[in-house]
Each structure stands twice: as structure tokens, then as C-alpha cells.
Amino acid sequence: MSAETGRGLVLVVEDEKPIADLLRLYLTREGFGVQVAADGRAGLAAARAGHPVAIVLDIGLPLLDGTEVCRLLRADGNWTPVLFLTARDEEIDRVVGLELGADDYITKPFSPREVVTRVKTVLRRAGGVPAAERTYTVGSVMLDPARRTVHAAGQPVALTVTEFELLGYLMRKPGWVVPREQLLAEVWGYSSAGHTTRTVDVHIAQLRAKLGAASPIRTVRGVGYAVDDTVTGADAGTADQPAG
Ligand code: CA
């Protein structure tokens, strides 16, 4: 690894070359490694393959919109900090309104210095540890968002995208009782139309079946679900029936 990547790699997804070049210059000066992708598909591939510490993501991109790139990454369980570049007010509305898991946004025209400052801020907020590298452990269940793996009692567990997202959402809030409506909104998002909280129950049941005795998922009757360190295998086993 060269000295210039000492602070980690920032992925810049921007189709306007002068802007991309300017960002590369300023970020490189600050000690970041910089990779530039000029369209949404290339950006998504680079984000998946390159493990950047942060992504500066333009919204108006060829092939794949920036918001869609972010949505697909989050659906992967990839929580690399994303700083959106927005050109218009309606784009800001989309970023904020869609709750895409954006960490920040900055409006064009911007000063490249400001972008550098914001990148440092999102990294500080992420605890100085690249978000994509963090793992979550509850009891004997370990979830690794970057590698998209789950282990229960040391054994790998194969989960669907939805099961992975559902478990990830609960494991990021250990001890919290999460209402089924909230899980539906957060995990299923836009595709939740036509689903009921029964959908959540069905997926929770499948998750528990796959995790077996290691399942840390507790049913809070009439409300939703929680992930607890204190749940024993026996408790989880008897709670296998959906809450509704
Ligand atoms: Ca653009």
C-alpha cells in the first residue's frame, strides 16, 4: 500500500471529469487514496470490490442513478459512508426523503475543500473504522456486513438478502424492541407495498430456523422483535412461533 492511501481509499463516482479531477486532487493532498468511477454501474462495482472507507456519490449519473447505487449497496449490507453530491433542490428532497442511508449530502456548486471536510466528518462519525469493515456480535451470532456473512456458533449460515437485512437491522440495535411495522418500513422499504407485518413474522421464523439454538431473536408479543445477548437457546427455541 502506497503512502498516499494512508487514510484509506475514497471512491468518487462522478461523470463530470473536471469535478472528479478536482476532488481527486484535494482528497489525494489530504492523504486519501482516490478511485474515480464515471458512471453508476462502474461505481457500484468499485464500491463492492474495492472496500473504500467512504464514497462521494453524484446523483445524476449515466447507466445507474446515484440514489440507486446507494440503495443497492445498503441492500447488500454495505454501510460504507456515502456523501451525496446533489445538483438541484429536488435531488436533495430525494436524498433526505428516501432515507437511503446517506451519511451526508453537499450541493453543487461546492468547494472541494468542503467536500474533504465532510468526508473527514463522516469518517469520524463512523468511529474512524471503515463502516464496511465492522462486524456485529450478539451471543454466538456474528454478522459481517462487509463480507455478507453470518456465523452462528462458529458455523456459517446461508441467508437470503432479506433475512440478512432483517438480522442486520436488529443486530445493529441490540436490546431494542423494534416494532414489526418499523422492520417492514426499514428492511422492505419501497417494496413493502402489498406486504403486511405477517411478512416480517414469516421471515423471522425462517431466520430462527436457520440460526437454530443460537438465535438471539426474542418475540415481544403484540409489538415486534428484539435481539438480546441474554436469550438462551432454549428461550429462542420456544419463541419460534410468529408474534401475530
Ligand atoms: Ca452528474
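# Exercises on a predicted model with a calcium site

In this chain, T137 stands opposite M142 of strand β7. The model is a predicted one, in which local features need pLDDT of at least 70 and side-chain atom pairs count only at pLDDT 80 or more, while totals for chains, interfaces and linings use all residues. Residues are numbered from 1 along each chain as its sequence is written, and side-chain values use heavy atoms, with hydrogens and water left out.

## Exercise 1: around M142

Describe how β7 pairs with β6 and with β8, and say which residue is the bridge partner of M142 in β8.

Step 1. Strands are DSSP runs of E with at least two residues, helices are runs of H or I with at least four, and both are numbered from the N terminus; two strands pair if DSSP finds at least two bridges between them.

Step 2. Strand β6 (residues 136–138) is joined to β7 (residues 141–144) by three bridges, and the two run antiparallel. They form a hairpin with two residues between them, and G139 in the turn has a positive phi of about 60°.

Step 3. With β8 (residues 149–152), β7 pairs in the antiparallel sense over four bridges, and the bridge partner of M142 there is H151. This hairpin has four residues between its strands, and R148 takes a positive phi near 55°.

## Exercise 2: the calcium ion

Identify the protein donors of the calcium ion, and decide whether D15 and D58 are buried, partly exposed or exposed.

Step 1. Donors are N, O and S atoms within 2.8 Å of the metal (3.2 Å for Na, K and Ca), and because water is not among the atoms, sites may look incomplete. The protein donors here are D15 (OD), D58 (OD) and G60 (O), which lie 2.2 to 2.4 Å from the ion.

Step 2. Along the chain these donors follow the spacing D-x42-D-x1-G. D15, in the loop between β1 (9–13) and α1 (17–29), and D58, in strand β3 (residues 54–58), are 43 residues apart, and the pair links distant parts of the chain.

Step 3. Buried means under 20% relative accessible area, exposed means over 50%, and partly exposed is in between (1.4 Å probe, protein chains only). D15, at 33% relative accessibility, therefore counts as partly exposed, whereas D58, at 3%, counts as buried.

## Exercise 3: a sheet and its helices

Step 1. Four bridges join β11 to β12 (residues 224–227), and G224 in β12 is the bridge partner of V220.

Step 2. V178 lies in β10 and, at 1% relative accessibility, counts as buried. Leaving aside residues up to four places away in sequence, V178 touches Y169, L170, K173, L183, G224 and Y225. V178 and Y225 are 47 residues apart in sequence, yet 5.4 Å apart in space, C-alpha to C-alpha.

## Exercise 4: the faces of α3

Explain why the buried residues of α3 can be said to line one face of the helix.

Step 1. The buried residues of α3 (residues 66–75) are G66, T67, V69, C70, L73 and R74.

Step 2. Seen down the axis of α3, these residues fall within an arc of 160°, so they line one face; the arc is that of the directions from the helix axis to the C-beta atoms.

Step 3. Just after α3, G77 takes a positive phi of about 85°.

Definitions and conventions:
Contact = heavy atoms within 4.5 Å.
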